[in-house]
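Let's take a walk through a protein model together, one residue at a time. Keep the picture open beside you and find each place as we come to it.

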Amino acid sequence: MSMTVIHSIAFLFLTAVSCEVSNYSFPENFQFGVATASYQIEGGWNEGGRSESIWDYNLHQNPNLTDDKSNGDIACDSYHKWKEDIEIVKNLGVDFYRLSISWSRILPSALKGSELSTEGVIYYNNIIDELIANNIVPYVTIFHWDTPQVLEFKGGWLNETVIEDYIYYARILFELYGDRVKHWITFNEPHQICEQGYATAEKAPFKTLQGTGDYLCYHHVAIAHGKIYRIYEEEYKPTQKGQVGITIDCVFGAPKTDTEEDKQAAIDYMEFQYGWFAHPILSGNYPPLMIEKIGELSRREGFPKSRLPEFTQDEIKIINGSFDFLGLNHYTTVLCSYGGNYPVPSHRNDLGTIDSIDPSWKPSAADWLWEVPWGLRGLLVYIKDHYNNPPVLITENGWANRGRYIHDVDRINYMKGYLSEVLKAIYDDGCNVIGYTAWSLLDNFEWTYGYTMKFGLVYVDFESENRTRTPRDSYEIYKKIVATKSLQIY
Ligand code: GBH
C-alpha cells in the first residue's frame with residue numbers, strides 16, 4: 001500500500017468516526033460561501049494613496065499590542081495576489097465570496113465630501129469583475145473594523161458626525177459597484193466594534209470607556225445602519241435590486257444548570273449580548289430589560305440619565321425592520337449564572353452574569369472558542385422565536401488552530417458538527433437559514449493574536465515572500481459539502 005493510500009484511510013477513519021452527521025441535505029437554494037476581511041488579508045497598507053486605519057495607526061505606534069508584534073502591513077498580500085485568491089475561491093466551488101472594503105483605501109481623507117482614490121476604486125472593481133466572471137457572487141461588507149484614523153481623531157464611533165461620513169462612503173460604494181454587487185453587509189459585529197474597541201480595549205481603537213463609550217458607539221452604528229438601509233431602499237433598490245443586511249455576532253448563552261436562577265441568567269445574557277444589537281433592528285428599540293436595568297444602575301451610580309442612549313421616535317421608525325437578511329457570526333457557547341466582579345460602570349456589570357464552560361467541551365487554540373455544535377441550533381431557534389423567523393445568513397463560523405496543520409481533522413469535525421445543527425434547525429425546527437459562510441478562506445491577521453492564530457481553510461506561509469497558499473484538508477472537505485449540499489460525503 002502506498003503512503004498516500006495509508007494516509008487517506010487514516011484520514012477517512014479519523015473524520016468519519018469522530019462525529020455523527022445529519023442525513024438531511026441542504027435545501028436547493030441554500031447558499032455556501034467563504035469569507036475574509038480587508039485589513040486581515042490585503043496588506044498594501046500605504047499603496048495607491050491609502051491612509052491609515054485605526055489598526056495601522058495603533059499597531060505602527062505600538063507593536064506590543066499584538067502577540068507576535070505584527071501588523072497588517074503585508075498580511076496575505078492580497079492587494080497583489082487577489083487574482084490567485086479568487087482562483088482558490090473558484091476551485092472551492094462556493095456560491096459566494098464575502099469580502100470587505102477598506103474605507104481608507106477608497107477615501108483616504110475619509111470625511112464626508114472627500115476625494116476618491118482612483119487606485120483604490122480600481123482594486124475592488126477588478127475583484128468584483130473577476131468574481132462575477134468566475135460565477136462567484138460578491139457579498140460585500142462595507143465596514144469590518146478598519147475605521148480611517150482621520151475619523152478616529154475626531155472621536156470615531158463616539159462622535160455622531162461619523163454617521164454622515166459613513167453614509168457618504170456607503171453611498172459611493174453603491175454608486176461604484178451596485179450595478180454588480182447585490183448583497184451588502186453594512187457592519188461586521190457591532191458588539192466587537194463597540195465593546196472591544198471602546199470599552200475593553202481588546203481591539204482598535206483600544207479605548208476603555210466601559211459602560212458608556214460602548215453604548216454610545218452602538219447607538220451611532222445602529223443609526224448609521226438604519227439610515228443607509230433606508231437610502232438604499234429608496235434610491236438604489238428600485239434599479240439595483242439588491243439586498244442590505246447587518247452582521248451581528250453572538251456567543252450563545254445557555255443556563256449553567258437547570259435551576260430557575262440560571263435559566264433567567266441565560267435569558268439576561270441573550271438580551272444584553274445579542275438583543276442589544278438585534279432588538280433595535282428587528283423590533284425597533286433596545287430590549288426593555290436593558291433599558292430598565294441600565295437606567296436604574298445609572299441613577300444609582302449618580303449619572304443624571306441612563307448610560308444607554310435613547311432613540312427618538314424618528315430613529316426608531318428608520319431602524320425598525322432595516323434588513324433584508326440578518327447576518328450571523330457564530331463560533332461558540334458559554335454557560336450562564338449570576339455573579340462576577342466587574343468594573344462599575346461596565347456593560348458586564350450591567351448584565352450581571354458570569355460565563356463558564358463545560359469541561360467536556362473541546363477547546364480550540366483560541367482561549368474563547370470551544371466546540372459546542374448544539375449552541376448554534378439553540379441560537380437559530382432563539383432568533384426564530386424572538387424575532388419572527390427572519391432570513392438568517394450565517395456570515396462566519398470557523399475553528400482556530402496554531403501552526404501549519406494541513407491535516408486539520410479538528411476543523412473538519414467542527415464544521416460538520418455545526419453544519420449538522422444547521423440542518424436540524426432548518427428541518428426539525430423550521431428556522432429560516434438561507435446560507436453558510438466559512439471563516440476563513442485564508443490564514444490571516446487575526447487581530448491582537450497577530451499571525452499566531454489560524455482560521456484558514458488554506459494555510460498561508462507568512463515566512464515566504466510569496467505568502468504561499470496551501471489548501472488544508474478542510475478545504476477539500478468543504479468543497480465536497482458544497483458540491484453535494486450534503487454532509488454524507490464518504
Ligand atoms: C470574528 O469575530 C471576526 O469577524 C473576524 O474578523 C475574526 O477573524 C474571526 O471572528 C475569528 O476570531 O471572551 O471576551 O474574549 C469573532 C468574534 C471574538 C466574539 C472573540 C467573541 C470573545 C470575547 N468573537 N470574542 S472574550
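**A walk through the model**

We start at His 219, which has its place in helix α10. Helices here are DSSP runs of H or I with at least four residues, strands are runs of E with at least two, and both are numbered from the N terminus. This is a predicted model, in which local features need pLDDT of at least 70 and side-chain atom pairs count only at pLDDT 80 or more, while totals for chains, interfaces and linings use all residues. Residues are numbered from 1 along each chain as its sequence is written, and side-chain values use heavy atoms, with hydrogens and water left out.

Is His 219 buried or exposed? With a relative accessible area of 6%, His 219 is buried. The word buried means under 20% relative accessible area, exposed means over 50%, and partly exposed is in between, using a 1.4 Å probe and protein chains only. Leaving aside neighbours within four places in sequence, His 219 is in contact with Tyr 286, Pro 309, Glu 310, Phe 311 and Glu 315. Contact means that heavy atoms lie within 4.5 Å.

How far can you trust what you see? The predictor's confidence in each residue is called pLDDT and runs from 0 to 100. The protein chain averages a pLDDT of 96, and 96% of the residues score at least 70. Over residues 1-18, however, the pLDDT is below 50, and this stretch has 16 contacts in the model beyond near neighbours in sequence. Where pLDDT is low, the predicted coordinates should not be read in detail.

Now look for the sulfur atoms. A disulfide is a pair of cysteine sulfur atoms within 2.5 Å, and by this rule the count comes to 1 disulfide. Which cysteines does the disulfide join? Cys 194 is joined to Cys 217, with 2.1 Å from S to S. Cys 194 lies in helix α9 (residues 190-198) and Cys 217 in helix α10 (residues 213-240), so the pair ties together parts that are 23 residues apart in sequence. The torsion about their S-S bond is about -65 degrees, so the disulfide is left-handed. Both Cys 194 and Cys 217 are buried.

Cys 336, by contrast, is in no disulfide; its nearest cysteine sulfur, that of Cys 250, is 9.7 Å away. Cys 336 counts as buried, at 0% relative accessibility. The sulfur of Cys 431 is 14 Å from the closest cysteine sulfur, in Cys 250, which is too far for a bond. Cys 431 also counts as buried, at 6% relative accessibility.

Next come the rings. Rings of Phe, Tyr and Trp (its six-membered ring) pair if their centres lie within 6.5 Å; planes under 30 degrees apart count as stacked, over 60 as edge-to-face and the rest as tilted. By this rule the count comes to 46 aromatic pairs. One of them is tilted: Tyr 79 and Tyr 123 are 4.7 Å apart centre to centre, with 45 degrees between the planes. Tyr 79 sits in helix α4 (residues 78-92) and Tyr 123 in helix α6 (residues 118-133), so the pair ties together parts that are 44 residues apart in sequence. Tyr 79 counts as buried at 8% relative accessibility, and Tyr 123 does at 6%.

For another arrangement, find Phe 174 and Tyr 232. Their ring centres are 4.8 Å apart and their planes are at 70 degrees, so the pair is edge-to-face. Phe 174 is in helix α8 (residues 162-177) and Tyr 232 in helix α10, 58 residues apart, so to speak two distant parts of the chain linked by the pair. Both residues, Phe 174 and Tyr 232, are buried.Finally, turn to the interior. In soluble globular proteins, nonpolar side chains tend to be buried together. A nonpolar core is a set of buried Ala, Val, Leu, Ile, Met, Phe, Trp, Tyr and Cys residues joined through side-chain atoms within 4.5 Å. The largest such core has 150 residues, and those with the most contacts inside it are Trp 157, Tyr 166 and Tyr 274. Helix α10, where we began, gives the most to this core, with 12 residues. Apart from it lies another core, of 5 residues, among them Phe 96, Tyr 139, Ile 185 and Phe 325.
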